[in-house]
Amino acid sequence: MQTSLFDHNGITSELSEIDWSFNGVDTKYLTHGLHRYPARMIPQIPRALFNTWTDKGVLSPGDTVFDPFAGSGTTAVEARLHGMNAIATDINPFACLLSRGKATPGDIDSIEAAIGRCLGPDWTYRERFIDQNHNEAVQQQRTRWGEDVYPEDLDSNKNHDAYAVKKGWFPERQLAKIESMQRLLTELRAEFDYKTVRFLRIALSQTAREISYQRDSEFKRHRIPEDERADHNPPFTETFIEVLTENVEKARAYTEKVNPTAEADIQHADCRNPDLLEPNSMDAIICSPPYGDHPTTVAYGQFSQDPAATATPLDVDQMKDVDPSGLGGRDSVASVSFETVTSWSSTLQKTRETLQANDGRDDDVLSFFTDYAETLLQMSRVIKPEQPVAIVVGNRTVSRTPIPMHMITTEIALEAGLKHQHTFARSIPSKTLPMKNAPENVPGQSGEMIADEYVLVFQGTENVDTALIDGVLRDK
Ligand SMILES: C[S@@+](CC[C@H](N)C(=O)[O-])C[C@H]1O[C@@H](n2cnc3c(N)ncnc32)[C@H](O)[C@@H]1O
């Protein structure tokens, strides 16, 4: 039996007392730290919400929480830690793989046995072979298949694209070892269940990132300068063992804490799909949507090309489809019109006028918000009346115009039938996001493109015409 968010005098003050910036905290505890992902929500946010809402009887173990924008699975991991089921969606197949790996890492004994197998005598032999014959073997393969393709890439259902992603981004010998380990993990599927092998793939992907020439502090593909590459030569096997050791410890601690009856169902889907979830079916929603179209804010698909090419059975081509199909991307078509969405949000209408006056990208911004509005309609459709919806958003500037996403979100959410509860501001000193975009228009914010974030809390209501929303979401 659930009680209303309003029935408890303490709830507003309790949430208001939280310092939502969480400066200096460890954001990589348990499986949250298995692998990087761009614009990850810090786990302290869902944890604080779950703790408060369970304390106050708004949520109980066994309830189901929805995260429309799964990313790396932060909400799903925390949901299971609080004994709750999670349903999450993402259009990025790598995000789904990672979320599943973090929320349901698999049996630790089996993982340890698989590590023993993949780093056993067979690997020692393969590694020695690569060390002794690498240059010659690579040369033979390239001569046979042409400059750009390893035959194994073709064999393992990869294509030109996978090699094109890797070429020039790794010390060559380490790349040969990464590829050899990737094939070995595929072979291990004959002996071990998919969760076990997935866990190892996630560690291999993280290892590949550490070994690559990718700049560590950036999520877009940027390499360290050419003259620094000769000195960047981390050993493959030692790095892989380090990542595996740390990841196993995190997964073991998570498995000990998590409620084994709580489930995580992560679906590769657009969250607006009305066939995914029944109206009024979710006990809570906790999410962090993209803050703009992927290519000009955070390119989740571009980031995921490397994990696809180096460690997983995913196709690089699929990753190239992710950014154009994200909210506001060129492949995403909303049935909500520019006129409708600006009539729902006066702040968006004013922003549109300012962008037009600044000769800015008003159509791009509007395209994003028509798609985004539909995700809010979906949230309002699936949340049970009275139950909480938390949305973490950030503000950016486009063409020197600040986009107040927290206000636009609130206005559209009200139109969608949600009731506004709280807006909490937070600073994000450590988040890796695009920098340096028109600093002069974000007073006091020293040049970040996304200057700060807000935790917005809403509540489902009875006044939602779920049939009407269903119609809008189907009309695409
Ligand atoms: C800010 S990230 C989410 C981060 C996540 N909370 C975490 O902690 O890792 C936004 C995610 O939304 C996904 N996304 C974009 N458009 C989507 C859509 N229409 N449906 C589902 N997911 C979408 C992106 O692929 C990206 O992974």
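Me: Which residues touch the most other members in the largest nonpolar core?
Reply: A nonpolar core is a set of buried Ala, Val, Leu, Ile, Met, Phe, Trp, Tyr and Cys residues joined through side-chain atoms within 4.5 Å. Buried means under 20% relative accessible area, exposed means over 50%, and partly exposed lies in between (1.4 Å probe, protein chains only). Here the largest core has 79 residues, and Trp20, Ile45, Trp53, Phe369, Tyr372 and Ile391 touch the most other members. Helix 17 (residues 362–382) supplies the largest share of this core, 10 residues. Another core, of 49 residues, lies apart from it and includes Ala114, Val165, Ile178 and Ala203. Helices (H or I, at least four residues) and strands (E, at least two) are DSSP runs, numbered from the N terminus.

Me: What kind of model is this, and how are residues numbered?
Reply: This is a predicted model, with residues numbered from 1 along each chain as its sequence is written. Local features need pLDDT of at least 70 and side-chain atom pairs count only at pLDDT 80 or more, while totals for chains, interfaces and linings use all residues; side-chain values use heavy atoms, leaving out hydrogens and water.

Me: How many salt bridges does a search of the whole structure find?
Reply: Side chains of opposite charge can pair when their charged atoms come close. The cut-off for a salt bridge is a side-chain nitrogen of Lys or Arg within 4 Å of a carboxyl oxygen of Asp or Glu. The search of the whole structure gives 24.

Me: Which residue forms a salt bridge with glutamate 187, and how far apart are the closest N and O atoms?
Reply: The partner is arginine 126, with the closest N and O atoms 2.9 Å apart. This pair links distant parts of the chain, 61 residues apart: glutamate 187 is in helix 9 (residues 172–188) and arginine 126 in helix 6 (residues 121–145). Glutamate 187 is partly exposed because its relative accessible area is 43%, whereas arginine 126 is buried because its value is 17%.

Me: Which parts of the chain does the pair of glutamate 127 and lysine 177 link?
Reply: Glutamate 127 is in helix 6 and lysine 177 in helix 9, 50 residues apart. Their closest N and O atoms are 3.2 Å apart, and both residues are buried. Glu127 and Lys177 also belong to a network of salt bridges with Asp131 and Arg173.

Me: Which residues form the negative surface patch?
Reply: A charged patch joins like charges within 9 Å, using residues with over 30% relative accessible area and no salt bridge. Asp and Glu count as negative. The patch consists of Glu210, Glu238, Glu242 and Glu246. Helix 12 (residues 236–257) gives the most to the patch, three residues. Glutamate 242 is found in helix 12 and counts as exposed because its relative accessibility is 56%.

Me: Where is glutamate 386, which has a positive phi although it is not a glycine?
Reply: Glutamate 386 is in the loop between helix 17 and strand 5 (388–398), and its phi is about 80°. Arginine 400 also has a positive phi, about 65°, without being a glycine. Arginine 400 is in the loop between strand 5 and strand 6 (401–403).

Conventions. Patch = residues over 30% accessible without salt bridge, like charges linked within 9 Å, V, L, I, M, F, W, Y side chains within 5 Å. Areas by Shrake-Rupley, 256 points an atom, 1.4 Å probe, with all protein chains shown as cover. Charge placed at Lys NZ, Arg CZ, Asp CG, Glu CD.
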